[in-house]
Amino acid sequence: MKRQKKILFIIVGVILIAFVILLPRYIEQQRNLVSMSPLSNISLEAKQFHDSLFVADLHADTLLWDRDIGKLSHYGHIDLPRMRIGGADLQVFSMVSKTPRGLNIHENSADSDNITALAIAQQWPLKSWFNLSERVYYMIERLTEAADLNENQFMLIRNQQELNSFLLRRQQQPGYTAGILSVEGAHALEGSLDLIDEFYTRGVRIIGLTHFFDNELGGSAHGMKKTGLTSFGRKALAKMQSLGIVIDLAHSSEILFNEVVNISQHPLIVSHTGVKGTCNTSRNLTDQQVRQIAATGGLIGIGYWPTATCGKDIQSIVEAIAYTVKIAGIDSVSLGSDFDGSVSTPFDITGLPHLTDALLKYGFNEEEVSKIMGGNMLRFLKKVLPS
């Protein structure tokens, strides 16, 4: 009987270990999919032109998942080896600290949290299991460690000096890459203005005011009330901008969006979105909102997933970009993939040369493609990053 109990104990232990090791990978493999594989061939001229570009993207949720970004992976959308393969130079890595159960683009409450179970399954530090700011700190630590461990191929950018160092290093070492830290949803502040300073000190340079539910700062486009800025939200906004933190209005309610545009004295971004002109969903921007962001000197990052583009192919992304250019001008458009954001995209980051090729075939000239693929974002960062 003792021997049987011992065997049963071992079997249960093996099952639990396998559960902890394999479940997070299985979950991600079901969430971050590639819908178009394999991609068609592109011309050598298009590939060489792509390789000459500065390529940058405003939004990816890679840090949410238990992958070593320094190593090549065969699932998900981004890691450093695949950034080099795809000719990607700079990626904004967003940090998701909470998402509601039953997540949808129409109406969500703040009463539930999917990330708790994911944090436990991925063996995040115990203090992060039920604390949103600790989750942000952990993801910051992961990207910082990745930069330290892969210093010959990747760096974290927090200011103008580091941006200039990166650009110089990139000239000397093609394939050298960089990242910038962003927080998706200011609920991670947990109602504390002091945490803005803490996030900034640890390297955060972009903060999205809302995500999929209303929070202490104001209303989400997908929340229950979809209200504007709260009193705390106005104070938080002023403090963020005084530090030089870029405000991201992705997921913002219409009221909050208008209020921030009207009071902000700084360029604003919508890091990952579609536009109603090509895909009329509640997730996407109206023509007026596109013009409002452009008028601040900001950027609209066009996403790759079906709710953003109403399509599953590269052409739908190109059409969304073209429409945004028509409304806002060529200098206001950027890439906002939402890679690794629990979405299906036509390609992972290695497929970026195909997007360059598709833009050229659509009729954009080389200067315009250069701006869309990263030139606009580089110009923006040179203007807004702290010295």
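Trainee: Which residues touch the most other members of the largest nonpolar core?

Mentor: The model is a predicted one. Its largest nonpolar core holds 88 residues. Helix H12, residues 314–328, gives the most to this core, with ten residues. Those that touch the most other members are Met240, Leu249, Ile321, Leu352 and Leu355.

Trainee: Which residues does leucine 249 touch, not counting residues up to four places away in sequence?

Mentor: In soluble globular proteins, nonpolar side chains tend to be buried together. Leucine 249 is one of the residues with the most contacts to other members of the largest core. With residues up to four places away in sequence not counted, leucine 249 touches Leu209, Leu256, Phe257, Val260, Val261, Leu268, Ile269, Val270 and Ile293.

Trainee: How many residues are in the other core that lies apart from it?

Mentor: This other core includes Ala56, Leu58, Ile206 and Val384. It lies apart from the largest one, and its number of residues is 23.

Trainee: Which residue in E6 stands opposite valine 183?

Mentor: Strand E5, residues 177–184, is joined to E6 by four bridges, and the two strands run parallel. Five of the five residues of E6, residues 204–208, are buried, so E6 is largely enclosed by the rest of the structure. Opposite valine 183 stands isoleucine 207.

Trainee: Is glycine 223 buried or exposed, and what is its relative accessible area?

Mentor: Glycine 223 lies in the loop between E6 and helix H8, residues 231–243. Not counting residues up to four places away in sequence, glycine 223 touches His106, Glu107, Asn108, Phe212, Phe213 and Asp214. Serine 253 is 30 residues from glycine 223 in sequence and 8.0 Å from it in space, C-alpha to C-alpha. Buried means under 20%, so glycine 223 counts as buried, with a relative accessible area of 0%.

Trainee: Where is threonine 99 found, and which residues is it in contact with beyond its neighbours within four places in sequence?

Mentor: Threonine 99 is in the loop between strand E3 (90–96) and helix H4 (114–121). Threonine 99 is buried, with a relative accessible area of 10%. Leaving aside neighbours within four places in sequence, its contacts are Ser112, Asp113, Asn114, Ile115 and His211.

Trainee: Which residues is leucine 167 in contact with, leaving aside its neighbours within four places in sequence?

Mentor: Leucine 167 lies in helix H6, residues 160–172. Its relative accessible area is 15%, and leucine 167 is buried. Neighbours within four places in sequence aside, leucine 167 is in contact with Phe54, Leu378 and Lys382.

Trainee: Are helices H5 and H7 roughly parallel or roughly antiparallel?

Mentor: The axes of H5 (residues 132–149) and H7 (residues 194–201) come within 11 Å and cross at roughly 10°. Angles under 35 degrees count as roughly parallel. The two helices, H5 and H7, are therefore roughly parallel.

Trainee: How do the residues of the contact of H5 with H7 divide?

Mentor: Ser133, Val136 and Tyr137 in H5 meet Leu195, Glu198 and Phe199 in H7. By class, the residues of this contact divide into four nonpolar, one polar and one charged.

Methods. Residues are numbered from 1 along each chain as its sequence is written. This is a predicted model: local features need pLDDT of at least 70, side-chain atom pairs count only at pLDDT 80 or more; totals for chains, interfaces and linings use all residues. Side-chain values use heavy atoms; hydrogens and water are left out. Axes are lines fitted to C-alpha atoms, for helices over the stretch in contact, and angles run from 0 to 180 degrees between N-to-C directions. Angles under 35 degrees count as roughly parallel, over 145 as roughly antiparallel, 65 to 115 as roughly perpendicular and the rest as oblique. Contact means heavy atoms within 4.5 Å. Ala, Val, Leu, Ile, Met, Phe, Trp, Tyr, Cys and Pro count as nonpolar, Asp, Glu, Lys and Arg as charged, and the others, Gly among them, as polar. Buried means under 20% relative accessible area, exposed over 50%, partly exposed in between (1.4 Å probe, protein chains only). A nonpolar core is a set of buried Ala, Val, Leu, Ile, Met, Phe, Trp, Tyr and Cys residues joined through side-chain atoms within 4.5 Å. Two strands pair if DSSP finds at least two bridges between them.
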